[in-house]
Amino acid sequence: MKYKESVIKDHSKMFIGNLLVKMFYPNILSFFLNKVGLFEMEERVSNVGYRVGRKLLKVWNPKEKRIEPLLKYFFKKMWDNKVTIRKEKGRISLIYRIIQKNCRYCDPEIVLEGVRHPCITVLGYIQACLEYSSQKYSLPDYMLKTVKSRGSGDSYCEYQIEFMSA
Amino acid sequence: MTIEKLTWFRKLLIGLGKNLYFRSTEKVNVLGLGLMMRELLRDYEEILGSLANAIAEFESEIKVQAGEIISKLISEPIMMGISMSYALSLDITDTAFSTQAMFHGMIGKNYYKVFEYPQLIFNEDKSGSLVIRMKQCIMCAGIDDIAKESLGDKDYGGTVASLFGTVIKEAWAYLDMPYEVLEAKETKCFLRGDPYGEITILFAPKSSKSH
């Protein structure tokens with residue numbers, strides 16, 4: 001058991017080429033699309049991201065629980081990737097725009113008919129981060145959505161967290 | 001351009017290149033990848049009725065997709081105008097080195113923690129096997145909820161075995177080697193209680209029909 005734990009710790013710090021993901025992710029989306037339709041496909045892949053994100057955060061156990069640095073930490077540890085986060089404060093809401101230029105799931109060369117945002121699974125990871133953050137900070141109600149995806153023709157991927165009555 | 005045998009100098013360059021390639025390539029966390037596969041299989045299982053069916057579906061998707069992508073990777077430049085074919089030669093005994101270089105390019109210096117040096121074993125009839133042993137399994141390390149009975153006749157690492165087999169198959173097809181890959185399978189698995197993971201790629205001289 002101790003051996004397994006140490007292997008998990010090891011693997012949680014290791015990286016592997018993303019080729020596998022780029023190779024099979026479109027097939028996975030197609031599988032869900034054919035079997036359960038667009039709406040459920042989006043829900044399922046987003047949920048996969050959420051479950052994986054939760055488990056990873058449990059292993060990494062970062063001390064940082066503020067949303068912005070936590071998201072940056074997560075993207076770095078999960079995809080060795082930097083993201084830009086823009087904060088926009090409105091009268092009744094606070095919006096975080098998370099922008100990544102080289103999303104690990106989108107392949108601009110592969111367009112899946114009917115799929116608006118191929119990298120929707122990332123929303124699940126973001127949701128897991130928000131849940132982790134809420135262990136320390138009480139978060140207002142929020143809405144999560146994918147705004148742009150390289151896989152559907154945009155020049156970058158953008159995810160949005162909108163906190164109501166912030 | 002294909003060469004007869006990898007020289008020590010070429011091996012030295014490949015050694016440097018694999019590290020550079022790993023640094024510059026897009027990456028994903030190893031535990032994250034393993035967990036992603038497990039969670040996806042959970043959804044596949046819900047839709048297809050059993051874990052064995054889910055693994056079979058995953059494997060068949062890999063077989064369809066991998067050949068095309070890998071053959072592209074072998075022939076098209078991946079870094080500084082150099083393609084993966086730079087690490088290949090017509091000498092079958094170089095296969096172990098080429099395989100090791102490829103894994104190193106995929107996982108970086110952690111290669112030594114995860115893999116053992118691949119073994120090329122020949123039989124008397126010139127058929128043989130390439131045996132890839134893993135000290136830690138990159139696919140199942142984070143998994144504790146699969147009973148070996150639920151795997152049925154399927155192997156959890158069958159998808160990875162298929163992928164490795166396809167790499168060798170496409171490399172040999174590119175080189176027009178007089179050998180063919182017969183089967184790639186997982187022969188040892190941590191989830192089945194083995195002390196290490198192992199993938200075996202069986203090969204044989206091309207039959208006159210396929211030659």
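## Close-up views of a predicted two-chain model

**Figure 1. Chain A and its order of helices and strands.** Chain A has 4 helices and 5 strands, and the model from which these elements are read is a predicted one. Followed along the sequence, the elements of chain A come in the pattern α-β-α-α-β-β-α-β-β. The radius of gyration of chain A is 16 Å, which agrees with the value near 15 Å that a compact globule of 166 residues would have. Taken along the principal axes, the C-alpha atoms of chain A fill a box of roughly 50 × 40 × 25 Å. Of the 166 residues in this chain, 52% count as buried, and among contacts in chain A with a separation of 6 or more, 63% are accounted for by residues 24 or more positions apart.

**Figure 2. Surface and charges of chain A.** The accessible surface of chain A comes to about 8300 Å², and 50% of that surface belongs to carbon and sulfur atoms.

**Figure 3. Two loop residues of chain A with positive phi.** A:N61 is found in the loop between helix 2, residues 19-60, and helix 3, residues 67-79, of chain A. The phi angle of A:N61 is near 45 degrees, a positive value in a residue other than glycine. With a relative accessible area of 51%, A:N61 is exposed, because the cut-off for that class is over 50%. A:D80 is found in the loop between helix 3 and strand 2, the latter formed by residues 84-89 of chain A. A:D80 is likewise not a glycine, and its phi is positive at about 50 degrees. The relative accessibility of A:D80 is 25%, so this residue counts as partly exposed, a class that lies between the 20% and 50% limits.

Figure 4. A:I99 lies in strand 3 of chain A, which takes in residues 93-100. The relative accessible area of A:I99 is 6%, and the residue is therefore buried, a class kept for values under 20%. Leaving aside residues up to four places away in sequence, A:I99 touches A:V83, A:T84 and A:R86, and also A:Y156, A:C157 and A:E158.

**Figure 5. The contact between chain A and chain B.** The contact takes 43 residues from chain A and 44 residues from chain B. The area buried between the two chains is about 4100 Å², of which carbon and sulfur atoms give 66%. On the side of chain A, the residues A:H11, A:M14 and A:I16 supply 18% of the area that this chain buries against chain B, more than any other three residues.

**Figure 6. Chain B and its order of helices and strands.** Chain B has 6 helices and 7 strands, and along the sequence these follow the pattern α-β-α-α-β-β-α-α-β-β-α-β-β. The radius of gyration of chain B is 17 Å, close to the 17 Å given by the globule rule for 211 residues, so chain B is as compact as a globular protein of that length. The C-alpha trace of chain B spans about 50 × 40 × 30 Å along its principal axes. Buried residues make up 54% of the 211 residues in chain B, and of its contacts between residues at least 6 apart in sequence, 64% join residues at least 24 apart.

**Figure 7. Surface and charges of chain B.** The accessible surface of chain B comes to about 9800 Å², with 55% of it belonging to carbon and sulfur atoms. Chain B has 23 positive and 28 negative side chains, and the centres of these two sets lie 7 Å apart.

Figure 8. B:W8 and B:M36 are 28 residues apart in sequence, while their C-alpha atoms are 39 Å apart in space. B:G152 is found in the loop between strand 5, residues 128-134, and helix 6, residues 158-175, of chain B. At 44% relative accessibility, B:G152 counts as partly exposed. Between B:G152 and B:F9 there are 143 residues of separation in sequence and 47 Å in space, taken from C-alpha to C-alpha.

Methods:
Residues are numbered from 1 along each chain as its sequence is written. Chains are lettered from A and ligands numbered from 1 in the order in which they are written. This is a predicted model: local features need pLDDT of at least 70, side-chain atom pairs count only at pLDDT 80 or more; totals for chains, interfaces and linings use all residues. Side-chain values use heavy atoms; hydrogens and water are left out. The radius of gyration is taken over C-alpha atoms; the globule rule is 2.2 Å times the number of residues to the power 0.38. Buried means under 20% relative accessible area, exposed over 50%, partly exposed in between (1.4 Å probe, protein chains only). Contact means heavy atoms within 4.5 Å. Accessible areas come from the Shrake-Rupley method with a 1.4 Å probe; for residues, only the protein chains shown count as cover. Lys and Arg count as positive and Asp and Glu as negative; His and the chain ends are not counted. The place of a charge is taken as NZ of Lys, CZ of Arg, CG of Asp or CD of Glu. Buried area is the accessible area (1.4 Å probe) that two parts lose on being put together, summed over both.
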